[in-house]
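Subject: Structure for you to look at

Hello,

I am passing a structure on to you, and below it I have written out what was found in it.

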Protein chains: 2
Amino acid sequence: MHVVITGGAGFLGQRLARKILEQGVLTDSANRLSTVDRLTLVDVVPANDFGDARIKSVVGDIADAALVRELIGADVGSVFHLAAIVSGQAEADFDLGMRINLDATRLLLEACRAQGNRPKFVFTSSVAVYGGALPEVVQDATALNPRSSYGVEKAIGELLVNEYSRRGYIDGRVLRLPTISVRPGKPNKAASSFASGIIREPLNGEEAVCPVAPETRLWLLSPRGAIRALLRGHEIAGDALGDSRTLNLPGVSVSVAEMVEALRRAGGEDAVARIRWEADATVARIVGGWPAVWDASRALALGLEGDADFDAVVRAYVEDDLRGGR
Amino acid sequence: MHVVITGGAGFLGQRLARKILEQGVLTDSANRLSTVDRLTLVDVVPANDFGDARIKSVVGDIADAALVRELIGADVGSVFHLAAIVSGQAEADFDLGMRINLDATRLLLEACRAQGNRPKFVFTSSVAVYGGALPEVVQDATALNPRSSYGVEKAIGELLVNEYSRRGYIDGRVLRLPTISVRPGKPNKAASSFASGIIREPLNGEEAVCPVAPETRLWLLSPRGAIRALLRGHEIAGDALGDSRTLNLPGVSVSVAEMVEALRRAGGEDAVARIRWEADATVARIVGGWPAVWDASRALALGLEGDADFDAVVRAYVEDDLRGGR
Ligand SMILES: NC(=O)c1ccc[n+]([C@@H]2O[C@H](COP(=O)([O-])OP(=O)(O)OC[C@H]3O[C@@H](n4cnc5c(N)ncnc54)[C@H](O)[C@@H]3O)[C@@H](O)[C@H]2O)c1
Ligand SMILES: NC(=O)c1ccc[n+]([C@@H]2O[C@H](COP(=O)([O-])OP(=O)(O)OC[C@H]3O[C@@H](n4cnc5c(N)ncnc54)[C@H](O)[C@@H]3O)[C@@H](O)[C@H]2O)c1
């Protein structure tokens, strides 16, 4: 079985690739356990191939129709579509966001449809599909009122993945991820970048800027949890999903103040002192409009798991990334 | 002010055009009452221009980018985007539905954006954006789970109109119409075509086929009511709509059995005897998934009105259409 990961050089793409290589098998859309003998990572920047012969790294733009048709051959059993323009950048450059988050998603779906073998298709959505007035706990039946270009593009992607599944063109699944924290590496252009930065930078002895108020509540998932969710979300039998292909993934609901308390427990007063509070109205507006908690019971019943609490999230970062772990 | 109606040769397009010519003025996006000195009707079939010099009928495909750019000049103050591939046809021909209902909508929005003068943009959506398990009375906050290609395409159009409005590219408004009944003329390829046919054909001495069970409940609006709603929906000040540009329009909730009773009152036993009951599983599935009633209080508060009851709907048909009225 040939698996394709778009955005394969990205944060989740690289971790997912390593995990798939490690386990060596995935369940195909006919519910058979299949050996992964080819794993294509496509990205605009070169992906690490971990020196594994099964990996092919393709550098290219998934908004390029010819490339996408070439990528999705008849042997492709699964696509993890992770490539995206993140929230801050999609807000700043509307055309770019529409081209990658919407048009390229459609090109991929069309290429899958053209093969006629109904591949599995995992699409990563986000808290940003919600917005406007929300109930205290967001439910599966809560309307999407995205208030950012990124959120709108993800919401459209969700509709398309559900529709292509309903028509039998793909075996799709939409995983609505909580904000991923603690993400290693450098800050990025996501509006939620600080949700990793205020833990990561202080633990690395660096200063971090927090653009939102301490009361701001976030819905978070560790990178470990996200990779577990991507794999489990892929493995679920299509029948178990039925008509609705969208799952609100489990997370932990914490305020920024509670995150700072967890930082204090992990890194002491010195770490906490490295946070500089500097309000940013745009970030506060975007992030403040996202749900702070949603009902994940459907995902939980299907075997998807979150983190125990935010201390566990910080511990996962310390174990997997801070101490040079993978 | 130049007004463009896409689908201007269609059922609602023609009636709307006549009404706009009659009243001669519309409120522009700066809230000024403006004289309509030009009204362009674009459609793949020639529109009636009622011999009025203000009307220009353009025969063309709104999925043609060059045509759309030409249509939406700097003088366009309002677009009523009514052109669509109806539900039954969009289900039968996926590519056609996506091209007209989605791609062409985007072309129009892009052309409006390119002008930079933030025109009003009225988009007609439908009960078909809803589906799956629904509360007894659908609310503004109820999630969209469309279960037809038409419904998905309309739901995406809604997201785009809201997003283009949020970004200040247009002054958009999405009017979610109930099913229009009683529509004059011939049956069409909409799954809901019967909702007019079972009244219209018997009153015209012809046989009608009813493909759904008598218990089926529908949410209906007369053509008169629809035109009133399109105009009122256009006139509302953008500020009054705020962040959410989508309105669930008032309707009457009736069962098919109740519709038949109204037919009996208007046309007697002979009329009722002309209905042939012949189940169609596809139509029953599509229509049965639509809401039978939704909360229209937001629209009502903004001055949009429905019909008094289904007898009034039948009366409107008899007055406006059956007796050769307009
Ligand atoms: N990390 C989070 O907090 C989070 C939360 C919710 C959803 N998601 C979603 O999960 C997915 C993966 O997120 P991530 O954190 O790994 O993001 P990332 O930015 O690290 O990875 C995305 C990758 O996509 C690539 N890419 C961008 N445009 C491309 C193009 N035109 N063609 C090919 N590749 C392109 C980028 O180069 C990047 O490597 C994204 O879809 C994101 O929207 C992430
Ligand atoms: N009538 C209803 O029950 C109802 C209910 C809800 C929503 N709506 C929506 O209201 C709008 C108008 O409905 P209607 O009843 O007048 O439909 P209609 O089918 O009578 O009119 C639509 C018109 O669009 C035209 N058209 C189709 N493809 C085109 C293209 N590529 N380029 C240019 N024109 C094209 C058709 O020729 C037709 O004249 C549609 O968007 C419809 O989806 C209607």
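Before the findings, one definition: helices (H or I, at least four residues) and strands (E, at least two) are DSSP runs, numbered from the N terminus. The model is a predicted one, in which local features need pLDDT of at least 70 and side-chain atom pairs count only at pLDDT 80 or more, while totals for chains, interfaces and linings use all residues. Residues are numbered from 1 along each chain as its sequence is written, chains are lettered from A and ligands numbered from 1 in the order in which they are written, and side-chain values use heavy atoms, with hydrogens and water left out.

How the two chains are related

Two copies of a chain are related by a rotation about an axis and a shift along it.

Side chains of opposite charge can pair when their charged atoms come close. Over all chains the structure holds 48 salt bridges, a salt bridge being a side-chain nitrogen of Lys or Arg within 4 Å of a carboxyl oxygen of Asp or Glu. One of them joins A:Arg113 and B:Asp95, with the closest N and O atoms 2.7 Å apart, and this pair crosses between chains, from helix α4 (residues 94-115) of chain A to helix α4 (residues 94-115) of chain B.

Around ligand 1

A residue is near a molecule if one of its heavy atoms lies within 4 Å of it. There are 24 residues around ligand 1, and those that come nearest are A:Leu12, A:Asp43, A:Asp61, A:Tyr150 and A:Arg183. Among the polar contacts (pairs of N or O atoms within 3.5 Å; within protein, one must be able to donate a hydrogen and the other to accept it, and residues adjacent in sequence count only if both atoms are side-chain atoms), a nitrogen atom of ligand 1 is 2.8 Å from an N or O atom in the side chain of A:Asp61, and an oxygen atom of ligand 1 is 2.9 Å from a polar backbone atom of A:Ile180. Taken alone, ligand 1 exposes 830 Å², of which the protein buries 89%; such accessible areas come from the Shrake-Rupley method with a 1.4 Å probe, and for residues only the protein chains shown count as cover. The shell around ligand 1 receives two or more residues from each of α1 (11-23), β7 (120-126), α5 (149-166) and β9 (179-180) of chain A, and β7(A) gives the most, with three residues.

Around ligand 2

Ligand 2 also has 24 residues around it, with B:Asp43, B:Asp61, B:Leu82, B:Tyr150 and B:Arg183 coming nearest. A polar side-chain atom of B:Arg183 lies 2.6 Å from an oxygen atom of ligand 2, and the protein covers 88% of the 820 Å² of accessible area that ligand 2 has on its own. The largest share of the shell around ligand 2 comes from β7(B), with three residues. By class, this shell has 13 nonpolar, seven polar and four charged residues, where Ala, Val, Leu, Ile, Met, Phe, Trp, Tyr, Cys and Pro count as nonpolar, Asp, Glu, Lys and Arg as charged, and the others, Gly among them, as polar.

Backbone details

The peptide bond from A:Ser181 to A:Val182 is cis, with omega near 5 degrees, and A:Val182 is found in the loop between β9 and α6 (194-203) of chain A. In chain B, B:Phe50 has a positive phi of about 50 degrees although it is not a glycine.

Best wishes
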